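Please keep the sequence and the structure in view while reading.

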Amino acid sequence: MDIITLTTDYGNKDYSVSSLKAKLITNINNIEIVDISHNISPFNLAEAGYVLEGAYSEFPKGTIHILSVDSEITPENKHIAIMYDGSFFIGADNGVFSLIFRDKKPDQIVEINLHNNYNYDVSADELFVKVASHINRSGPLNVVGSKVKTIKEITNLRPVVNKEMNQIIGSVIYIDNYGNVVTNITKKLFKEISKTRPFTVNARNVKFSKIHNTYSDAIDFSIDKNDREEDGKKIAIFNNLGYLQLSVYRSNPQTVGSASTLFGLNYRDAISVYF
């Protein structure tokens, strides 16, 4: 049974997700549909890229990943299908895939041209289903589109290093379910610039001078539980995807608050690291 994953900004209130799934079930036999997320903020490419990047590598080779965020078909909004490491990705060439394949080179990219047969009188979902159906039948990508070498890049979401090489200027790209603040500063970039120098992470009025390996690494478990600093402790870590993340230990946005609320940080807010 083949797997098709869905990542969209459709939400769960409307019929859009069910409609997309119905199209897939009607056109493709014997498939398993996995919802990665339908709660991407509307048109938020950074969120979409981050969420799919975190999930896709856990799926078996051959999985087809449909990404539908800001994917309306227009003469200016091209659509692409990508093959990378045995898996397939279908979506708009709006820059979101440059966030997923930051340092990776896809094996094949095609600009989908099937919609030319419909004079744009077809939805993005219908187009994506047709391409997924073709891939499911082991059809080659060059049948659904023309080969291209590059994908559109989003450069304004990349961190910037100053000329003196002593500061990284990044920004918030995602707030997760726990209110953790994920930045676009990667562990790889941090190590390249830091060269083991002391540093300070500045995020509004909050500062960090140490980055922990895990949440529990920040807690001194040799101290009696009643005496140690634990709940509410601010922590900086590199998360599982290698991004600098600002957190509050055992946070709950619904009760005690979270890094986002307590630090006053939201999407696109600036985060700086000084060395």
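Ser133 is a residue of helix 4, and in this predicted model the points below begin with its surroundings. Helix 4 returns under the next topic, among the elements against which the buried residues of helix 1 pack.

- When neighbours within four places in sequence are left aside, Ser133 is in contact with Asn27 and Ile28.

**Helix 1**
- Helix 1, made up of 12 residues (16–27), reaches 17 Å from its first C-alpha to its last, which is close to the 16 Å expected at 1.5 Å a residue.
- Val17, Leu20 and Leu24 are the buried residues of this helix, and because they cover an arc of only 70 degrees around the axis, they lie on the same side of helix 1.
- The buried residues of helix 1 pack against strand 1 (2–8), strand 2 (31–37), strand 3 (64–68) and helix 4 (124–136).
- Turned away from that buried side is a face of helix 1 that carries Ser18, Ile25 and Thr26, which are exposed.

**Helix 5**
- In helix 5, which runs over residues 187–194, the residues Leu189, Phe190, Ile193 and Ser194 are buried; seen down the axis, they fall within an arc of 120 degrees, so they line one face of the helix.
- The packing partners of these buried residues of helix 5 are strand 8 (160–161), strand 9 (167–175), strand 10 (181–186), strand 13 and strand 15 (270–274).
- Lys188 and Lys191, by contrast, are exposed on the other side of helix 5.

**The largest pocket**
- The largest pocket has a volume of about 430 Å³, and of the 22 residues that line it, Asp176, Asn180, Tyr215, Asn239 and Gln245 are the closest to its centre.
- Two or more lining residues come from each of helix 2 (45–56), strand 13 (234–238) and strand 14 (243–248), and helix 2 gives the most, with 4 residues.
- Sorted by class, the lining of the largest pocket has 12 nonpolar residues, 8 polar residues and 2 charged residues.

Technical notes: Residues are numbered from 1 along each chain as its sequence is written. This is a predicted model: local features need pLDDT of at least 70, side-chain atom pairs count only at pLDDT 80 or more; totals for chains, interfaces and linings use all residues. Side-chain values use heavy atoms; hydrogens and water are left out. On a 1 Å grid over the protein atoms alone, a cavity is a set of points where a 1.4 Å probe fits but cannot get out, and a pocket is an open set with protein on both sides within 12 Å along at least five of seven lines; lining residues have an atom within 4 Å of a point. Grid points are joined across faces, edges and corners, and a volume is the space filled by probe spheres set on the points. Ala, Val, Leu, Ile, Met, Phe, Trp, Tyr, Cys and Pro count as nonpolar, Asp, Glu, Lys and Arg as charged, and the others, Gly among them, as polar. The expected span of a helix is 1.5 Å times one less than its number of residues. Buried means under 20% relative accessible area, exposed over 50%, partly exposed in between (1.4 Å probe, protein chains only). The arc is that of the directions from the helix axis to the C-beta atoms. Contact means heavy atoms within 4.5 Å.
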